[in-house]
Amino acid sequence: MDYDVIVVGGGPSGSSCTAFLSKAGKKVLLLDRARFPREKICGDGISGRSVSLLKELGIFQNFKDAEHTDMYGVTFSSPDGTVVPVGAKDKGDAPGFVCRRIVFDNILFQNAKKLAAKTIEEFIVTDLITEGGKVVGVKGNHKGKEKAFRAKLVVGADGAAGVTARKLGAANADGDHQYAGLRAYYENVDGMGKTIELHFVKETIPGYFWIFPLPGKRANVGIAITVTEMKNKKINLVKAMEEIINANPVFRPRFNNAKRTTSLKSWILPLATKKVKSYGNGYVLIGDAASLIDPFTGEGIGNALTSGKVSAQVIAEALNENDFSEAKLSQYRKRLFDIIAGEVSANARLQMLGKHEFLLNIVIGKAKRSDEIKAVISDAILDPKDHGRLSDPVFLLKALFA
Ligand SMILES: Cc1cc2nc3c(=O)[nH]c(=O)nc-3n(C[C@H](O)[C@H](O)[C@H](O)COP(=O)(O)OP(=O)(O)OC[C@H]3O[C@@H](n4cnc5c(N)ncnc54)[C@H](O)[C@@H]3O)c2cc1C
């Protein structure tokens, strides 16, 4: 064996897994097809869950020193144009941030690279090596040369369209459980404050339109909708976004002086409501490769970092016990879902609510008048630890109709 573990992909999930495993004394080979710093199509919203993982990795200060904005709450609007800012306090530690992924991912990746036994950028993994029903390595291409590496375990952290989940028959290809997202950067957007903005506008129901502020009146602007609804309703994402910015009465005035500074780019968000088999003999899948994105907010970075940490713990145990079996590695998925299952099911309820224009109008109208509802929604977006009340159907019914 060349290495204890090969990690395919150096995004948030792969960098987190590499760092935790290397700190545990394991010999990791980290491979990524890109050369960092690299772009990633994303809203660039960083939540409380991500912050605690950055602290554990010891790189929170590197992030604080880098270009970002502090975010203290969320602003919503309903299809009827009711706008509700939630969590407007702006003192103390910010619960969330916006940071361009070209900056954010590079901090994580350089930390992982420093700790890993070896890192190879511009290495495109093309296939897995399997022997006797067990994954034992990867094949790929580095600057035109074919290469293969072997390890006791392989971690698939190669994102939503990665090769590892596809080769293992575990890729999420279910349009009901995937968002299609489109985003671009703008400058001179008016009316932004210290909140991220999620808007449920007619043009994207049952999806949403976001404006995430960046320093200097710049913003990450985008839309997301489930692939099935996009196909069924024949929604063209580019046209829908242009319509919101150029014609929607709430947003047109805010984009009067704005200029798009990058092209519109789209990508897939595999949602955690789809159960995929993220472990087997000799491998685990983490992050987007394991379909872990929050079904309401579209947030995937926090769960990607968490899956990196939990997988590293189980893999370190597997290496110590010399047991790389499916049974042993199944503990990774169990332990991960012990942490995230509550919020996934709570936010799946919110996602269902978002499919109905009249319900959105009711709830967001009520939120405007109720501090309790504001607090619950704010928790769901910024601090996904406490989902007690959101998981409680009685609370939801009362919130909706009382
Ligand atoms: C439009 C959009 C908006 C989003 N907005 C947000 C948001 O605001 N907040 C949030 O938290 N999440 C958001 N997400 C989700 C978030 O981007 C992902 O959940 C997150 O990037 C997952 O991290 P990851 O490490 O699993 O995968 P990735 O970040 O995709 O990293 C995968 C890595 O694998 C590498 N790779 C791929 N294939 C290969 C190969 N064959 N060989 C070698 N390397 C390979 C890639 O180069 C990449 O570096 C959004 C996603 C989209 C599409």
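Which residue in β6 is the bridge partner of Val74? The answer is Val86. To see where that pair sits, start with the whole chain.

This is a predicted model, in which local features need pLDDT of at least 70 and side-chain atom pairs count only at pLDDT 80 or more, while totals for chains, interfaces and linings use all residues. Residues are numbered from 1 along each chain as its sequence is written, and side-chain values use heavy atoms, with hydrogens and water left out.

The protein chain holds twelve helices and 19 strands. Both are DSSP runs, numbered from the N terminus: helices are H or I with at least four residues, strands are E with at least two. The radius of gyration is 21 Å, close to the 21 Å that the globule rule gives for 402 residues, so the chain is as compact as a globular protein of that length. That radius is taken over C-alpha atoms, and the rule is 2.2 Å times the number of residues to the power 0.38. Along the principal axes, the C-alpha atoms fill a box of roughly 60 × 45 × 45 Å.

Now look at what is covered. Of the 402 residues, 59% count as buried. Buried means under 20% relative accessible area, exposed over 50%, and partly exposed in between, with a 1.4 Å probe and protein chains only.

Next, find strand β5, residues 73-77. Five of its five residues are buried. Gly73, Thr75 and Ser77 point one way, and Val74 and Phe76 the other. In a regular strand the side chains alternate between the two faces of the sheet.

β5 has two partners to trace. Two strands pair if DSSP finds at least two bridges between them. Strand β13, residues 195-199, runs parallel to β5 and is joined to β5 by five bridges. Here Ser77 stands opposite His199. Strand β6, residues 83-86, pairs with β5 in the antiparallel sense over four bridges. β5 and β6 form a hairpin with five residues between them. In the turn, Gly81 has a positive phi of about 90°.

Finish at helix α2, residues 48-57. Seven of its ten residues are buried. Among them are Val51, Leu53, Leu54 and Leu57. An α-helix has 3.6 residues a turn, so residues three or four places apart point the same way. After α2 comes Gly58, whose phi is positive, near 80°.
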